[in-house]
Amino acid sequence: MKVKLLTTISFFTYQFSISQTEKLLRGKVVSQENALQNVEVINKTAKTSTRTNELGEFSILAKEQDSVLFFSKDYLFTRLKLTLKDLEKSHLIVEMTPKAEELDNVIVSRSVFNKNELKNIANNKEEINKIKIRKQFDDVTTKVNVYDGTIKNAINYNYPIFDKPKKKIEPLDDRFRKLIIASCPPDFFLKNLEITSEEKELFIKFCDIDPKSKTLLEHPNVLALMDFLYAKNEEFKKL
């Protein structure tokens, strides 16, 4: 009985020592089966980092329960909490999702006539004459100056309608909010910070008030931003 007990204790002690020992984690970062180069790989727990090579491969020291972050400006932020199975793998594959491209303006144009209408007009002399007459009319009217009742070279006087000038509305500085959205995945607030969608905007404003947020804007760093958000979350929960 004592032998079995000692064997059991030794086994669990061995497993615990393995889980607490750092191992060299090797892996590859891909997106849609394409290797991603220069992805920042950060071991948030150990405060160490590295980057992927031209083949998307990386190696970093880590242990079980370490939080590893993967960051690239063109892809959604990815977080991985390491398990013993992850460490036992010879080559860990990490999939990243591309960010959706935002289009400032979308202009959709279409022809006034479709192909069938153009074909009908081309075979109709009366319609062709109408188009010619309309074009001649437009050319003539654009060259005629119509008197609009104004006096040339008259002195202009401008009188303000209101005594007080209008206040200039300054746009809100949402640079810090854009930095958070660009650096954090959509479910980061709910899963990692346990902040609901109703509290999200209030929390971002709470962080933006802190002068340290301006420092992060001047020197963006994913690891520093994560530490800042976790620290502010503790303060936010106490309110």
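## Contacts of Phe 189

Contact here means heavy atoms within 4.5 Å. The model is a predicted one. Setting aside neighbours within four places in sequence, Phe 189 is in contact with Ile 180, Glu 194, Ile 195, Lys 200, Phe 203 and Ile 204.

## Nonpolar cores

In soluble globular proteins, nonpolar side chains tend to be buried together. The largest nonpolar core of this model holds 24 residues. Phe 189 and Phe 203 are among those with the most contacts inside this core, along with Phe 176, Phe 188, Met 226 and Leu 229. At least two residues of the core come from each of these elements: strand E6 (67–72), helix H5 (175–183), helix H6 (188–191), helix H7 (197–209), helix H8 (212–218) and helix H9 (222–238). The most is given by H9, with 7 residues.

Most residues other than glycine have a negative phi. Which value does phi take at Gln 32? Gln 32 is not a glycine, yet its phi is positive, at about 55 degrees. Glu 33 also has a positive phi, near 70 degrees, and is likewise a residue other than glycine.

Gln 32 lies in the loop between strand E1 (23–31) and strand E2 (34–35), and Glu 33 is found in the loop between E1 and E2 as well. Are these residues buried or exposed? Gln 32 has a relative accessible area of 60%, so it counts as exposed. Glu 33 is exposed too, because its relative accessible area is 79%.

Technical notes. Residues numbered from 1 in each chain as written. Predicted model: local features only at pLDDT ≥ 70, side-chain atom pairs only at ≥ 80, totals over all residues. Heavy atoms only, no water. Helix = DSSP H or I, 4+ residues; strand = E, 2+ residues; numbered from the N terminus. Buried < 20%, exposed > 50% of the residue type's maximum accessible area, 1.4 Å probe, protein only. Core = buried A, V, L, I, M, F, W, Y, C linked by side-chain atoms within 4.5 Å.
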